[in-house]
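Hi! Here's the structure I said I'd pass on.

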Amino acid sequence: MKNKKKDGKNFDIFVIGGGVNGAAILRDAAGRGYKCGLAEMGDFGSATSSSSTKLLHGGLRYLESYQFRLVKESLRERDLLLNLMPHISWPLQFILPHNKNLRPYWILRLGLYIYDFLAGSTKLPKSKSIDLRNHPAGKFLQQSYKRALAYTDCWVEDSRLALLNILDAEKRGAKAFSYSKVTNIQQKNGQWIVSVKSKERSFEIKTKVLINTMGPWVNSFDQLDNNKKNQSMVRLVKGSHIVVKKLFNHDSAYIFQGKDGRIIFSIPYEKDFTLIGTTEVEHNEGIEVKCSDEEKKYLCDFASNYFQKKITVEDIIWDFSGVRALYENKTVEARNASRDYTFEVEEKEGSILLTVYGGKITTHRKLAEKAVSKITSILKLNRKEWTSRQHLPGGDFKLEDKEKIIEGLLEKYKFLNTNWAERLFKTFGSEVENVLGRAKAKPDLGRKFGYDLTEREVLWYINQEHVRCVEDLIWRRSKLGLRLTSKQIRELNAYIKKLN
Ligand SMILES: Cc1cc2nc3c(=O)[nH]c(=O)nc-3n(C[C@H](O)[C@H](O)[C@H](O)COP(=O)(O)OP(=O)(O)OC[C@H]3O[C@@H](n4cnc5c(N)ncnc54)[C@H](O)[C@@H]3O)c2cc1C
């Protein structure tokens with residue numbers, strides 16, 4: 001390999017793939033004192049982990065396929081994560097209208113009783129019945145929908161979640177490389193030798209433990225390592241979302257049932273928009289991951305069966321798609337395939353390979369804890385679990401204090417308006433004052449890039465949050481892509497390119 005530098009990077013644990021699972025494993029391992037590193041071929045969280053429905057949830061529909069263990073663990077994690085990252089997650093009420101041609105009301109009611117029961121003791125409200133004829137959520141639905149059930153799960157900013165795990169891991173001594181692809185792997189003398197290639201350089205690292213969190217690429221590991229040949233059954237299922245202008249003016253989300261047995265969500269999104277998703281389409285590796293015309297039409301028609309307003313593909317402002325890597329066989333329908341995760345561990349001549357299959361955003365912390373505990377026990381070390389007690393960066397405050405803190409920000413930074421303060425706080429949490437510093441007036445924040453984005457914020461993303469190109473900033477660190485004009489995006493792109 002040209003320009004190969006043997007710069008002697010030796011690790012205890014090295015992770016391939018910087019989605020939410022890889023990032024959480026890196027953080028957990030770093031906090032337990034391992035010397036660890038991670039390579040991600042794109043931006044951190046740029047694949048499935050920024051294309052989810054963004055829910056911390058048990059997954060009501062997984063009860064139908066009897067995934068009780070997963071639902072229970074997810075509900076417990078939902079509550080825990082809400083406390084550890086209250087800036088990027090918050091409770092969200094869901095309205096489930098009863099459709100008399102589909103699941104009977106008593107089944108829905110029973111499902112939610114079980115859901116409440118599996119959640120155990122939680123601060124979130126229990127499910128309840130509502131009369132849509134005199135409820136604000138009923139106003140936007142067709143009149144045939146008269147009653148509904150309401151229950152509460154949580155929202156999470158998925159791409160920032162992956163990033164915050166990386167940033168916290170780095171604070172604890174880990175090394176994380178974005179836009180760095182693992183191109184080759186060899187086993188030698190009880191170690192893995194991993195070749196990593198980025199635009200600027202190629203390098204090798206050595207590690208005793210290698211972790212494959214490559215998500216939809218999990219089986220590509222075999223192409224990197226000539227010795228591994230026993231591929232596990234992985235099923236790739238694409239899911240797409242569309243974003244349209246705000247369809248309703250309340251804070252609850254809807255969960256709609258379809259004639260095909262599936263459900264979709266319509267969720268308040270970034271204040272002025274509604275997020276609708278998702279689809280489930282079998283996917284083959286190597287094919288571009290994008291929302292097809294059929295999927296767009298499917299989502300518009302599905303939602304139009306419920307809302308008074310008809311939604312058409314012309315209403316779509318943005319769409320995104322991601323691929324689930326499910327550990328399953330192909331005999332069950334995609335909607336019933338298990339969302340649970342599993343590990344495969346191989347030990348050879350003293351080196352260890354742990355492969356992660358499946359998983360959800362909601363279970364990322366628990367998955368990481370179990371993975372690192374497994375490695376710790378194989379290595380016969382005594383390094384304790386810790387992530388259930390430590391906030392993610394910016395999350396060290398109580399959820400119920402959020403409004404008060406935002407009021408404090410408006411008081412301190414008089415030039416902010418409420419929308420701007422809320423957006424910054426939901427992005428940076430308690431670190432927002434580090435971003436704004438001693439600014440007294442808007443000009444102190446430097447050049448304006450459009451909407452409320454200033455040079456100070458852009459520089460923070462570049463210097464503190466690994467932003468390498470404009471897409472990282474407008475779609476993953478923030479969702480300002482929904483607000484900026486093409487011209488503003490081009491100018492921002494030029495600015496970022498000059499600095500990187
Ligand atoms: C449509 C959809 C909706 C979902 N909604 C929810 C939800 O609401 N709630 C929930 O809990 N879960 C949800 N999920 C599931 C959740 O998004 C995934 O389980 C999770 O994001 C998987 O994370 P990951 O880290 O395993 O994979 P990924 O995020 O895909 O990360 C794998 C990474 O590996 C990198 N990689 C691959 N090969 C290499 C290489 N050779 N070198 C370096 N890097 C490499 C890739 O670039 C990628 O970034 C949803 C999934 C989908 C598809």
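Let's begin with where the two domains meet: 15 residues of domain 1 are in contact with 14 residues of domain 2, contact meaning heavy atoms within 4.5 Å. Before you read on, this is a predicted model, where local features need pLDDT of at least 70, side-chain atom pairs count only at pLDDT 80 or more, and totals for chains, interfaces and linings use all residues. Residues are numbered from 1 along each chain as its sequence is written, and side-chain values use heavy atoms, with hydrogens and water left out.

So you can find your way: domain 1 is 4-48 + 159-233 + 338-389 and domain 2 is 399-499, with bounds from an automatic or database domain assignment. Their centres, taken over C-alpha atoms, are 31 Å apart.

Together they bury about 1,100 Å², with carbon and sulfur atoms giving 40% of that. (Buried area is the accessible area, using a 1.4 Å probe, that two parts lose on being put together, summed over both.) On the domain 1 side, D43, R160 and Y179 supply 46% of the area buried against domain 2, more than any other three residues.

There are also 5 salt bridges between the domains, each a side-chain nitrogen of Lys or Arg within 4 Å of a carboxyl oxygen of Asp or Glu. D43 turns up here too: D43 forms a salt bridge with R476, and their closest N and O atoms are 2.6 Å apart.

Finally, helix α4 (residues 158-171) gives the largest share of the domain 1 side that touches domain 2, with 7 residues; helices here are DSSP runs (H or I) of at least four residues, numbered from the N terminus.

Happy exploring!

Definitions and conventions
Helix = DSSP H or I, 4+ residues; strand = E, 2+ residues; numbered from the N terminus.
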